[in-house]
Amino acid sequence: MGGKKKKTTIGYKYYMGLFMGLCRGPVDAIRQIRVGDKTAWTGKATGNTSININQPNLFGGEEQEGGIDGTLQIMMGAPDQTRNDSLAAMLGGLVSAFRGVTTTFFDGLVCAMSPYPKEWSYLVQKTKAGWHKDQSWYPEKCEMLMASGNEVATVFAGSGWNLPCLAPGGMPGECVTHDSIQTVTLTGTAEVRSYELKLFGAVECRPYAGGALQPLQSVMKGGAPTAALPGHNQYTLEISNPPTVFYLNHTNVAEHYNRTFYNGESFIAEIAGNATLTLKALAINDLQLSPSQSLRVEVGGQDGVQVYGMNPAHILRRLYTDPLIGRGLDAATRIDEASWIAAADVFHTEGLGLCMKWSRSGSVAEFAGEVINHAGAAVYTSRRTAKLVLKPIRGDYDLDDLPLFTPDTGLLAIEDDQSTAQTSGINEIVVKYTDVLNKKEGAVREKNLGSIMAAKGVTVTEEVSYPGIPTEALARRIARRDLQAKSGFIKRFTVVLDRRGKDIMPGHVFRISDPSRGIANMVLRAGRSEFGTITDGRITITALQDVFGLPAAVLREPEDNAYVPPDVTPRVPTIQGLMEAPYRELAQSMGAADLAMLDHSAGFLTANAVRPGMMHGFELQTRVVPSEFSTAAEQGAWCPGGKLAVPVGRLDAQVSLDDSVDLSQIVLGTAALLGDEIVRIDAVDTAAGTLTIGRGCADTVPAPHVAGTPLLCYDGWGGDDQREYTHGVTVEAKLLSRTGSGTLNPSLAPTQSLTFASRAARPYPPGDFRINGERYPALVLNASSLSWASRNRITQADMLLDAAAASVVPEAGTTYSVSIYDDLTDTLVSQTDGITDTAMALSGISFPLRTRIELYSVREGLRSWQPVVHVFKNDDSAPRNLRGYVVDAASATINAPESLRAYTLE
């Protein structure tokens, strides 16, 4: 401290150019970029472009692992793409244009404190782009929206204002004001999007001046008001002008949707077309918004990223027809167009969009088989047309229209009739899928409870992996499909037909009837068809009882995870304070020689705060007006502490805390700041939230404190400004909390100020103050003497002597001054300076009824930073034999012999 220490380099920032290849190009869009599994950018980049990523605190800022800050150039890999000049300048020599490959080039900050950059990952949409000759087959059914991060719009409404707003992700809106400034109208776009609308737990009342929001004045959260704002917030949502397709919470809305809801409630709005949404505050109780204030309403949630799945029919179409990545079949001669269009329609109607990555480590046939399994379909070559047929395996048939085979109409034999035993049937399915939006693997479980009961509680589980499924809702539907297919009592057959079964292909549905076996009318689904030889004429079909069909609706909604992730949004610390460092703190941090050389007018600032949630630490920013704020301490440490639950007097040795944090980390014997009074921590009861303290330590005196007074156990914690300030300078400071997700926006942090007063150079104030031998009496019957204990800042150094401790030999040249006032009129009655003793007789002084005494230590013209100040009632009307006695402040009894206690005090 004191600016005397040499700066130490504790780490470095790392800047570099990163050239990254993503996949075969071009692609439709890049939707999201994550670095180290944290979202660095979200949007929609659809062509060769440059984007700025300004996330320098993505990994915790400079005190942790830095962040990402720089320019990213995106090159889609189109056939006519030109060479990137920035990349060419970095690589040198002959540099390719990298056509046919989607690449990116980033130049800027990649990390700090660690020379190992974190892994980059991209959310890439490739559905209509990159087809052969740049012509997507059946483009209107090629893609479908599978998941959407919540669009965010922050809008303000105020009397006489009409402010534009723009949500991340590009959703424009307009804030329209009405007679009531508690109405906000947001107009959506024509693009199909899914939004989460939610009042984010707060109505914030802030002055709006000079084109910017001023510091927060009051907040009402979730119906639990603070800042003396009673009541509960109620709102209505009015939705007018609904388009043809309009859903709220996945329910179609025909005309209007009006309802009342409270803070924290939310709903999903899926909009295809334009719609007008109005959020109107019905009741804000005593909160009144003046023309100079604004009502802040946030509509939205996360980061606006959208996930599009590709139709399985389109994936298979590319695999079979693309000459570069697939089999290169001629679509006109080898593809049954009608069946493929019908299949694409089925998959699109079901919302069966897949997000699959093919790294070409396997064959086309293997990847096509995986897509077919996801879709629940069959691909086969028609015996009539020699074309490939795509057929979804669904229950989309009329029973009476199915061909029926009996012993009289082509059923020759049932060679193998097997019924799966109930105990060996699968009665539970676990489907693993890929949650693309959150970049993690998920799993859903579906049970056949009837089958489990029939098996006497025995659960037979099968685990299936479908990595191309991007959402939990779709995974559940697929799990129900597979469970139905694999549950017990599924009958499997090897059926022999005559040539009348020539049209039964894999995936086709037909009926059999064989009364001799007790089969009246059973629907079978063909699995494999063997057509024998010309001379044999027998067709052998392996089939099973048909139970396929993708369920149209999930019987239960996707389960909510009971886990609530911790809130790591940087918050404003509500318990914080500034302090000019006293002599004790300098004695701990500076050497004796440096301390002796320190100018008497010099001072240093230290800041302390109690941790507001899961914050890592805080950054201290300071300034001397009118200069700009700058970083004074990059990593301040949160200190244990809280607020007084009940008031305390000068002589109270135990305090009870509310909103206490980290009390278990307190080291006994260390210092804490109670208001402006330094106290010593003697005992801690973490369960009760109480502390036993020594009062009036270092350069402070005991003082009464009201409930809500902050208590900051600062010893060994906090953040120190290393800059030296002189007497009379006023410094402003802000504490910016830090988390792994970033640093608090400086505009949200309250500004504190501190005027320096040469505190460290001043003598310590007297301790153990007494009138007539009693500590701080409330009533004095004829005051006759004052006494106190002397202190010495240099001798005490870092010791914490409380006010009740015995005298310490004072610094040479120390004297004391006593001022006596009429407290009611603030009139000086008596002034005595230059006292060298630790006692003073009060004879010859006419005390007013309400007397105030102020006692200072004085040395080299400097008074102690705090004086001893005490106000008491003087009563000269008491009987003479009681004069000289005092009233004990704690027990309110007269300190006098028993025989004299008949005197009644007013």
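Biologist: What makes strand E44 (residues 671–674) and strand E45 (residues 677–685) a pair?

Modeller: 4 bridges join E44 to E45, and the two run antiparallel. Strands pair if DSSP finds at least two bridges between them, so E44 and E45 qualify. Leu-673, for one, stands opposite Ile-678 in E45. Strands here are DSSP runs of E with at least two residues, helices are runs of H or I with at least four, and both are numbered from the N terminus.

This is a predicted model, where local features need pLDDT of at least 70, side-chain atom pairs count only at pLDDT 80 or more, and totals for chains, interfaces and linings use all residues. Residues are numbered from 1 along each chain as its sequence is written, and side-chain values use heavy atoms, with hydrogens and water left out.

Biologist: Which strands close into a barrel, and in what order?

Modeller: 6 strands do, in the order E42-E43-E46-E45-E44-E47, with antiparallel pairing. From one strand to the next, the twist averages 45°.

Biologist: What joins E52 to strand E50 (residues 730–739)?

Modeller: 4 bridges, and the two strands run antiparallel. In E52, Ser-753 is the bridge partner of Glu-732. With at least two bridges needed, E50 and E52 therefore count as paired.

Notes: Axes are lines fitted to C-alpha atoms, for helices over the stretch in contact, and angles run from 0 to 180 degrees between N-to-C directions.
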